[in-house]
Structures are given as structure tokens and as C-alpha cells.
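Trainee: I'm new to this one. Could you walk me through it and tell me how you know each thing you say?

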Amino acid sequence: MAWQWFHRLGSPRWFYQKTSAWMPWLALASLLLIGAGSIWGLGFAPEDAKQGNSYRIIYIHVPAAFLALAGYYIMAISGAIGLIWKMKLSFVVMRAAAPIGAVLTFIALFTGAVWGKPTWGTYWVWDARITSMLILLFLYIGVIALSRAFSREQVADKACALLALVGTVNIPIIYKSVDWWFTLHQPATIKFTEKSSIDPSMFYPLLTMVIGFYCLYAWTLIAHTREKILQREWRTSWVQQLMGGESATESKAG
Amino acid sequence: MSSLEQPVLDYTPRARNVAGFVALLRSELLLALRRSADIANPLLFFVTVLALLPLGVGPEPDLLARLAPGMIWVVALLATLLSQESLFRGDFEDGSLEQLALAPQPLYFAVLAKVSVHWLVTGLPLALLSPLLGMMLNLPSGGYLSLFLSLLLGTASLSLIGAVGAALTVGLRRAGLLLALIVMPLYVPVLIFGTGAVQAAVDGYAYGPQLAILAALLAGGTALAPLAAAGAIRISLDN
């Protein structure tokens, strides 16, 4: 009995129907949190003593970077669940998470570059964190490229799940090695501000933005998953009913 | 070979695995040695690309010496990668891979045998050739041994990691670039510690730690990569 909810999760139909009710709430929460966080962070949080107003990009940069990494683990864990319990739905979530994660990684890199120009005087530095993020982007792109190469979805699902898992094992090693590489080649001019010593007046808007980004991520992931579920399950009667029975002609074309 | 003709049931599982591993290793090695072009091509690629480097950046000895460790490592990495696309392809196309997957021996050992042979015919020659290229690129002579040793350990890890990518893409028709795309990010730690070892040696520091980490990566890779590759082969066979 205790595992019933878990097995129910495996049903795309159950997931689709259940999440219909969540979507507006998630959208509202992310809209409110990101709206409040942006106004608070951009308008009311104090200026940074050294960097002036340019530091304010952290309100987008940091949440995007958090989620870029968390997104990889979400992708890999749902892939692993799919491989272990042969759960259709979790493969769909994995496939949906890949492009979202790639976009977030790109946003983190892009905002980092924009931030780097006024702070370091250059858009791109081969800094440990930047390099790690770039490699993370390549890992995402690898998963996306692999998923597109297969003609059969089920094979693509399993192959991507395996690649994502291999990447997960490697991520800590890659991060540590890039860290080590950076300390070896460290240019003297760049110094990161200590993240832990951030002032509360800057931290709370940042926290709001992070939670807002998590809500937005959840919303995007679920929306993307729902779309993929409809695409994959279009033959089933519940999807045809949902679409108003007009897919009878489509089914011949497919 | 006569021992292989006995009924399989006579073996203990361990002896059966070892016998299967050794038999596959022998046959793969024989096959590889009889297709000598497959051995020569990665080496020729290695030499040719590195010969292009001075043409691109100019013949200044100091500049070449600075670039040498990184360039030799990157090109060795590419040579390993490019030779890896065909790792499982022939066996996949003629059905042997399916037989290996059905065999009583775990697929792990079959993958390990194939990767070992791949390393013996590409990684090992690359490592042996590297001091020569180091000399041509004006690498300080203190770096030769570390270059050789780091490539010796590192290319084995590269072969293991690449095997996972090769197994994932074996069922696809044009896998070359895709293989590079999915495998390259996973090569990063090996590249960093490989060039790190050479750079340390050139600068006159101890390079034992870097080699130890490369050896650790190899140990971890030997344990895990064939498992992942075996899983990937089973997925590809479903395609």
C-alpha cells in the first residue's frame, strides 16, 4: 500500500490529470516570487560597496546556476528511476529536463559574462566555476544530441538515461579537477567575493529569487513533460478524448 | 584452443570468465594486428596534426615548448577518440556483439577485453611515440618520461570512457561526431591531470601525484566504465 503512490506515478495519464490542478498555482507562485524578488533585488537592495549596481545580476545569475546543476541531477535521477523501475513517465521527465537545464546553464554563463565585463574588464575568463559550467553545458548538449540521434524513443530514453548517469558519476570528478587546474593556473587579478559573507539585505531578495526560480523550473518541467506525454500517448483513448476525438484522422496519417 | 571445446559446464564461473576473457583478447588482438592500417591511422593522425602545429603558430622554439604538453595531449585524445568509433561497429554489424551479449560470460569481460586491445593498439603506440613528438616540438627533455607515463595511464582511461560512448552510438549510422560530442566532456579530468603531470615535470616539480590520480582514474574507470558500456550495448542491441 505504501508504494501505491509510487506506482501510480508511473502512469502518464495519472500524472497528466493530477498536474492539471497544480499548474496555475505553480505559475502564480513563480510569477509572484520572481516579480517580488526582482523588484526587491533590483530596486531596494543596497548597492554593493565595490561593484556598484552591476552586482545586481546575481539575482538572475545565482538562481540559474543553482538550477543548472540541480537540473542535471534531476535529469539523471529520473533517468535512473526509469532504468531501474522501467517507468515510462520518469523517462519523459528526463527528456524534458535536458533542454531546460541546457538553457539555464546558458543563462548562467551569459549573465556571468555580462557581469564579468564591468567587474573583471573582460567577458570571458577561464575561471574554475565558469569552466565547470561550460563543461556542464557540453554534458547537457551531449544528452540532447544523443536523444535526437535515435529514431526509436524507447531506445533514446534508455541511452540518454545511461549517459546522464555516467555524467553524474563524472561531475564531481570534473569539478574537482577543474578546481585543481585553476589553482595551478590562477591569474592573480581575479578574486571572487566570498559568497557566505553576503549581507542579509542582499541575501533575502536572492533567496526569494532562488525559490521563485525553483517554482518556475518545476512549472516548466511539468509543462514540458505534459506536452511530451500527449505526444507519446496520442494513440491512447484518454488523449483522444481530451483532444475531442478529432485525432481519428491524424491516427491514419501517423 | 582445445580447452575451449570442452563443455562449458566443466568450468567454475570464475574459470569460465577468465577463459572467455583470454580467448576474446587473443582473437581481438589477432584481428587488430592483421588490419595494420587500423593501428597505423591513429598514429599517423597524431603525427600529422602535431606537424601542423608549428605551421599554424610559427616555429619559435619557446612558444612550441610552452604549447607542447597540452597540444600533444589534446591530439592524443583526439586520436584515441577517432579510432574508437569502430570499437564495436564490426561486431555489431556482423552479429558477434549479440552473441557476446548472449554468452554465459558477463558482457563486462567482453568489453574489458575489447577495450584492452584497443588500448594496446592505439594508446600504447601513442605513448611510445610521444617523446619523439615532444622532441620535435622542443619539449624540455625533463618532460619526456612524464609525457610517456601520463599518456600510458591516461590513454587507457580515455579508451575506457570512450567505450561507453562507442557502445551508446554503435547502432547509429553516422556516429563519429556524436561520439565526440558525448564523450569529450567526460575526458576533461584525464586531460587536466595528464597535462598537469607533464607541466610539473617540465617546471622541475614532482609529478608523482598527478600520475597517482591518473592511475586512480584508471582504476575507477576499469571498475565502472565496462559496466556502463555493457549496459549501453544491451540498449543498442534493442534498437
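Mentor: Residues 247–254 of chain A keep a pLDDT under 50, and the model has 3 contacts for them beyond four places in sequence. This is a predicted model, where local features need pLDDT of at least 70 and side-chain atom pairs count only at pLDDT 80 or more, while totals for chains, interfaces and linings use all residues. Residues are numbered from 1 along each chain as its sequence is written, and chains are lettered from A and ligands numbered from 1 in the order in which they are written.

Trainee: How do you know which residues of chain A and chain B are in contact?

Mentor: Two residues count if their C-beta atoms, placed from the backbone, lie within 7 Å. By that test, 24 residues of chain A touch 21 residues of chain B. On the chain A side, α5 (128–149) and α6 (153–185) each supply at least two residues, and α6(A) gives the most, with 14.

Trainee: Which class do the residues on that side of chain A fall into?

Mentor: They divide into 19 nonpolar, 3 polar and 2 charged. Nonpolar means Ala, Val, Leu, Ile, Met, Phe, Trp, Tyr, Cys and Pro; charged means Asp, Glu, Lys and Arg; the others, Gly among them, are polar.

Trainee: What makes residues 128–147 of chain A a helical span?

Mentor: Helices are DSSP runs (H or I, at least four residues), and strands are E runs of at least two, numbered from the N terminus. Residues 128–147 of chain A are 100% helix and 0% strand, with end C-alpha atoms 29 Å apart. UniProt's unreviewed entry lists that span as one of the "transmembrane region" features of chain A. Such annotations may be inferred rather than shown by experiment.

Trainee: And in chain B, at what angle do α2(B) and α3(B) pack?

Mentor: About 145 degrees, with axes 9 Å apart. Angles run from 0 to 180 degrees between N-to-C directions, and axes are lines fitted to C-alpha atoms, for helices over the stretch in contact. Their contact has 17 nonpolar residues, 1 polar and no charged ones.

Notes. pLDDT = per-residue confidence, 0-100.
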